[in-house]
Amino acid sequence: MSDNPFLSPSTLVYELPPFAEIREEHYRPAFERGMADQLAEVAAIVAAPEPPTFDNTVVALERSGAVLRRVSAVFFNQDSSDTTPGVQELDAEISPRLAAHADAIHLDAALFARLDALHEARHELGLDPESLRLLERRHTAFVRAGARLDAEGQQRLREINTQLAADSAAFRKNTHDASLAGAVAVDSADALDGLPAAAVAAAAENAGALGQDGRWVLSLKNFSNQTELAHLTDRALRERLLTASLRRGLDTNGPLAARMAALRAERAALLGHPSHASYVVADETAGTVDAVGAMLGRLVAPAVANAEREAADLAVAAAADGITELAAHDWAFYAEKVRAERYELDTAALRPYFELERVLRDGVFFAAGLAYGLSFTERPDLTAYHADARVFEVFDADGAPLGLFIGDFFARESKRGGAWMNELVPQSRLLGTRPVVVNNLNIARPAAGEPALLSWDEVRTLFHEFGHALHGLFSDVVYPSFAGTEVPRDFVEFPSQVNEMWMTRPEVLANYARHHVTGEPLDATVVERMLAAENYGQGFRTVEYLAAALLDWAWHSLPAGAVVADPEEFEARALADAGLAVAAVPPRYRTGYFNHVFSNGYSAGYYAYIWSEVLDADTVEWFRGNGRTVRESGELFRAELLSRGGSRDAMECVRSVLGRGPEIGPLLVRRGLE
């Protein structure tokens, strides 16, 4: 195993994983070695003859697991970004073993005894604030993982965690397979009437990549309402596409979701909570289920009323085409029509002004320079994990090297849907590492020789995900447990949502919104109409989001022992009970493909997006009117919040920036819910 690249730190700059050397057969032995090494390191901590100290227990635990950290980062990035049958098979095997490994550490009675003794005496140890917080957070993590349970309770907890890890891996694979199987193919380009020419060409390229030469294939995105629905004139095809999206995964993942919800409820009861939602939120910024329920409940009625007003407008437009009842597959199409008429805006015609390379360099990177003084240099000499993935070195305002950013923007069969950020190397002064972060998007690959032209929503996604990247790049902490995005789940979306504001800042928009052929800037009057149109459709967007958030909440509010025999019926009842059974507005995610909550760590946490948006909307107003320059505001936001990771209480970071607690008013204005 001496040639296994995971067994020693990478010698590349920033410890970038040596992807040119990594092969699939390296993963299993590296996981084996990584788990064995960490258990040996934990055994050494426990066996130390000296009394527990912060250094010989907490810091030693923080240093442990280096091999496991390296292989896990690369493996799970590949599983999401460029999976293979072999990787999926290993995921199904290794995820339960990793869960058991974590339990072996958290449920080690001798290790917890050392931590517990230190925690009891924590205020007498003379620790600096970050070290004190690490001790407190480590202790909390052990307690929440079952360290205080009796032997019988711990044994059952181990069984539950192992089964949940296996189920989570199965859910991921099922979703991937169902999304591929649900792709909609047509035999004529005429069937795609209404789609931009570039999208039609991309569908033909997609068909070829899927072995269906001579056809056109629309692959499913990870969310319910597919982007093509706004443009396809063929109503039957719209219905076929949305049905394929909404029905995927129900047969395989529906029963799996019910089992996972039941196991999570049982685990919560073991740990002293009435539901999984209660267990999760107790360690988030929200604090209580009542706080989350009150916030979500406050938004439902005005959001539904907003959507009903929008539906009335769309029904008039649909009636002109002889449609007597607006269906879910009609909504996006007629919303686009109404938007075009009301604001004289053809969103498809805007795509030539949003070319990927220009948006990236003259938009996203430019804004990061404007607010934080960053600069970027592409490093084609550095190999990433896929030919599509590009490596950029990031430099601070003073020219000092900061980290690496990897951008992987195009959709492919081997990549899961959606968009996300990963850390391949976390920043840590203890470990002497600087950040290497990845952004993944799923932009349709353009036809050969053509530029990648983005929709307005894809522009937003690019800015959003780069906000996560900045959170990782700006990390300036001692301990890896606090690095970058290691913050509460209902806080992690806040910095990324704030970063979306730059896409519409006049000085940024004018810099990137230029025609990819002529270089002509987007006309100022079009910009005004586009910004006015931003608020149109907030009813739909808020209802589809709330429906998904409250569906997640319903699954994870079940008490221990509750049995869901029919997941589809449970879903319908949950939406009706929440006041969100709006037939024409399906949830952004249904149970069968709700990867966020059944495989990606957001269980009982999908509310986090709008909880974070309260902070985001308030902070955007702060950026606009705090009396400082953009650069001064950016530096304060970086110093007091982005650089802190999890090393300081999240809401304390917010108060340090705003000078007060957050207010919900700006969110209500933004969403049209005043």
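Trainee: Which helices each supply at least two residues of the lining of the second largest cavity?
Mentor: This is a predicted model. The lining of that cavity includes Val364, Ala367, Ala368 and Ala371, along with Phe463, Phe466 and Leu470. Two helices each supply at least two residues of this lining, namely α15 (356-372) and α16.

Trainee: Which helix gives the most to the lining of the second largest cavity, and with how many residues?
Mentor: Tyr372 is among the lining residues, as are Val364, Ala367, Ala368 and Ala371. Helix α15 covers 356-372. The helix that gives the most is α15, with 5 residues.

Trainee: How do the residues of that lining divide by class?
Mentor: Asn499 is one of the lining residues, and Trp502 is another. The lining of the second largest cavity divides into no charged, 1 polar and 9 nonpolar residues.

Trainee: How many cavities of 30 Å³ or more does a search of the whole structure find, and what is the volume of the largest?
Mentor: Rolling a probe the size of a water molecule over the atoms shows where empty space is left. The search of the whole structure finds 2 cavities of 30 Å³ or more.

Trainee: Which helix gives the most to the lining of the largest cavity?
Mentor: The lining of the largest cavity includes Gly467 and Leu470, as well as Pro495, Val498 and Asn499. Both α16 (456-473) and α17 (489-499) supply at least two residues each. By class, this lining has 7 nonpolar, 2 polar and no charged residues. With 3 residues, the helix that gives the most is α17.

Trainee: Which helix gives the most to the lining of the second largest pocket?
Mentor: This pocket has a volume of about 220 Å³. Of its 13 lining residues, Glu571, Leu575, Pro586, Pro587 and Arg590 are the closest to its centre. The lining has 3 charged and 10 nonpolar residues, and no polar ones. With 4 residues, the helix that gives the most is α21 (residues 567-577).

Trainee: At what angle do helix α12 and helix α20 pack?
Mentor: Helix α12 spans residues 289-319 and helix α20 spans residues 538-555. The crossing of α12 past α20 is left-handed. Their axes lie 8 Å apart, and the packing angle is about 145°.

Trainee: How many residues of the contact of α12 with α20 are charged?
Mentor: From α12, the contact includes Leu296, Leu299, Asn306 and Glu310, and from α20 it includes Phe540, Thr542, Leu546 and Trp553. The contact has 13 nonpolar and 4 polar residues, and the number of charged ones is 1.

Trainee: What is the N to O distance in the salt bridge of Glu93 and Arg28?
Mentor: Side chains of opposite charge can pair when their charged atoms come close. The structure holds 53 salt bridges. In one, the side chains of Glu93 and Arg28 meet; the pair links distant parts of the chain, 65 residues apart, with Glu93 in helix α4 (residues 85-106) and Arg28 in helix α1 (residues 27-47). The N to O distance for Glu93 and Arg28 is 2.5 Å.

Technical notes:
Residues are numbered from 1 along each chain as its sequence is written. This is a predicted model: local features need pLDDT of at least 70, side-chain atom pairs count only at pLDDT 80 or more; totals for chains, interfaces and linings use all residues. Side-chain values use heavy atoms; hydrogens and water are left out. Axes are lines fitted to C-alpha atoms, for helices over the stretch in contact, and angles run from 0 to 180 degrees between N-to-C directions. A crossing is left-handed if the near helix is turned anticlockwise from the far one by less than a right angle, and right-handed if clockwise. Contact means heavy atoms within 4.5 Å. Ala, Val, Leu, Ile, Met, Phe, Trp, Tyr, Cys and Pro count as nonpolar, Asp, Glu, Lys and Arg as charged, and the others, Gly among them, as polar. On a 1 Å grid over the protein atoms alone, a cavity is a set of points where a 1.4 Å probe fits but cannot get out, and a pocket is an open set with protein on both sides within 12 Å along at least five of seven lines; lining residues have an atom within 4 Å of a point. Grid points are joined across faces, edges and corners, and a volume is the space filled by probe spheres set on the points. A salt bridge is a side-chain nitrogen of Lys or Arg within 4 Å of a carboxyl oxygen of Asp or Glu.
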